[in-house]
Amino acid sequence: RTAEESSPPEGEPVEVAQAVSGAEPLAPAMLAQTISLDLRGMDVVDAIKYLAVKGSLNMVTTKSVSGSVSLFLKDVTIADALDIILLTNDLALEHRGEIYTVMAETEYEALHGYRYHDQRQVRTVALKYANSPRVATLLEGIKSSIGRIIADEGTGTLVLVDVPERL
């Protein structure tokens with residue numbers, strides 16, 4: 001999770017952004033290696049194992065990981081290939097120390113309280129001269145189907161929860 005805070009001049013609106021996404025970028029150098037894959041109907045556990053071997057990673061899959069994967073990728077990083085496999089099979093990745101655990105997204109949500117691929121962000125905006133409930137009503141038309149707008153009339157604050165493109 002990230003939080004960005006700015007210190008605007010006195011009396012200016014304050015804006016804070018916080019990502020609530022569980023999907024953290026895969027950073028180690030091993031994951032930056034590029035590979036090409038042509039997998040047809042391969043068991044997803046075997047595909048993950050193959051990527052773990054190629055990237056010299058310690059990878060564990062839970063009992064709930066199942067399914068098959070068919071994909072053709074050319075010159076992609078191991079991180080991108082793994083992310084595609086996770087996305088297309090409703091899987092999630094948890095990183096603790098040197099061990100990556102692949103689990104069903106429902107398991108991840110039960111453990112952490114939010115979905116792994118949840119891309120929503122939170123932005124708080126303090127309004128100076130506008131009525132926050134009225135502004136919230138106006139913004140309802142441009143939010144996505146998963147977005148939310150919360151207005152606090154007492155403080156003149158809006159809390160916007162939506163995908164980055166709509167914030």
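Good morning. The chain exposes about 10,200 Å², and carbon and sulfur atoms supply 51% of that area. Please bear in mind that the structure on the screen is a predicted model.

Let me begin with the overall layout. The chain has four helices and ten strands. Read from the N terminus, the elements follow the order β-β-β-α-β-β-α-β-β-α-β-α-β-β. Of the 167 residues in the chain, 35% are buried. Turning to contacts between residues at least 6 apart in sequence, 60% of them join residues at least 24 apart.

I now come to helix 1, which spans residues 44-54. Which of its residues are buried? They are V44, A47, I48, L51 and A52. These residues lie on the same side of helix 1, because they cover an arc of only 140 degrees around the axis. On the face turned away from the buried side, helix 1 carries the exposed residues K49 and V53.

What covers the buried residues of helix 1? The cover includes strand 3 (34-43), strand 4 (58-61) and strand 5 (68-77). It also includes helix 2 (78-88), strand 6 (91-96) and strand 7 (99-104).

The two ends of helix 1 each deserve a remark. At its start, a side-chain oxygen of D43 comes to within 3.2 Å of the backbone nitrogen of V45. Just after the helix, S56 adopts a positive phi of about 50 degrees.

The largest nonpolar core contains 31 residues. Those with the most contacts inside this core are L37, I48, L51, M59, I85, L93 and V102. Two or more residues of the core come from each of strand 3, helix 1, strand 5, helix 2, strand 6 and strand 7. Helix 2 gives the most, with six residues.

Leaving aside residues up to four places away in sequence, L37 touches Y50, L51, L71, F72, L73 and A81. Apart from this core lies another, of five residues, including V125, A136, I149 and L158.

Thank you for your attention.

Terms used. Residues are numbered from 1 along each chain as its sequence is written. This is a predicted model: local features need pLDDT of at least 70, side-chain atom pairs count only at pLDDT 80 or more; totals for chains, interfaces and linings use all residues. Side-chain values use heavy atoms; hydrogens and water are left out. Buried means under 20% relative accessible area, exposed over 50%, partly exposed in between (1.4 Å probe, protein chains only). The arc is that of the directions from the helix axis to the C-beta atoms. Contact means heavy atoms within 4.5 Å. A polar contact is a pair of N or O atoms within 3.5 Å; within protein, one must be able to donate a hydrogen and the other to accept it, and residues adjacent in sequence count only if both atoms are side-chain atoms. A nonpolar core is a set of buried Ala, Val, Leu, Ile, Met, Phe, Trp, Tyr and Cys residues joined through side-chain atoms within 4.5 Å. Accessible areas come from the Shrake-Rupley method with a 1.4 Å probe; for residues, only the protein chains shown count as cover.
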